[in-house]
Amino acid sequence: MTDPAALPYRPCAGILLVNRAGRVFVGQRIDTTQAGWQMPQGGIDPGEEPRTAAIRELGEETGITPDLIELVAEAPEPLTYDLPPELIGKAWKGRYRGQRQWWFLFRFTGADARIDLATPHPEFRAWRWADPAELPGLAVPFKRQLYADVLAAFAGHLP
């Protein structure tokens, strides 16, 4: 097996989406039995800018269109997380050790009825609005520190 430290991080964009009440969108993944909620996120295509990837991924995962969001802030630097040992070699065809994520804070300006998880390639089976302080505890264990770091990056913009 390849030494995980020798593997690169997958480039990714993450979205902390808040509603008018300051609550954060979280979804439960379809492809896992692990209990846990996550914010929208996904890979950055070659040549794609991180913000463009974030907006594309948000649409692909939630059906939310660009006219329903406003950019509030960008994290000052990318954040990383490592996969747990049992997922190395399995996730992303074994090519990555984890993800390097560029995070964006967007405000959702639409009605909840505009959120539609029945996208062409659904990723979430359920969604809800959560209090920002809940985020680390809602995440799968290997993403908890990442979510704490995301909250810290946007602390001046959250209630």
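**Exercise 1: The largest pocket**

The largest pocket holds about 580 Å³ of space, a volume being the space filled by probe spheres set on grid points joined across faces, edges and corners. On a 1 Å grid over the protein atoms alone, a pocket is an open set of points where a 1.4 Å probe fits, with protein on both sides within 12 Å along at least five of seven lines; lining residues have an atom within 4 Å of a point. The model is predicted: local features need pLDDT of at least 70, side-chain atom pairs count only at pLDDT 80 or more, and totals for chains, interfaces and linings use all residues. Residues are numbered from 1 along each chain as its sequence is written, and side-chain values use heavy atoms, without hydrogens and water.

Task: State which residues lie nearest the centre of the largest pocket, and which element gives the most to its lining.

Solution. Step 1: 25 residues line the pocket, and R29, D31, Q38, W92 and K143 lie nearest its centre. Step 2: β2 (24-29), β3 (41-43) and α1 (50-62) each give two or more residues to this lining; helices (H or I, at least four residues) and strands (E, at least two) are DSSP runs numbered from the N terminus. Step 3: β3 gives the most, with three residues.

**Exercise 2: Aromatic pairs**

Task: Classify the ring pair of F25 and F124, then that of W103 and Y147.

Solution. Step 1: Rings of Phe, Tyr and Trp (its six-membered ring) pair if their centres lie within 6.5 Å; planes under 30 degrees apart count as stacked, over 60 as edge-to-face and the rest as tilted. The structure holds nine aromatic pairs. Step 2: The ring centres of F25 and F124 are 6.0 Å apart with planes at 55°, so this pair is tilted. Because F25 belongs to strand β2 and F124 to strand β7 (residues 124-130), the pair ties together parts 99 residues apart in sequence. Step 3: F25 counts as buried (under 20% relative accessible area, with a 1.4 Å probe and protein chains only), at 0% relative accessibility. F124 is likewise buried, at 2%. Step 4: For W103 and Y147, the centres are 6.2 Å apart and the planes stand at 85°, so the pair is edge-to-face. W103 lies in strand β6 and Y147 in helix α3 (residues 144-153), 44 residues apart.

Task: Which residues do ring pairs link into a cluster?

Solution. The cluster consists of F25, F108, F124, W127 and W129.

Terms used
Buried means under 20% relative accessible area, exposed over 50%, partly exposed in between (1.4 Å probe, protein chains only).
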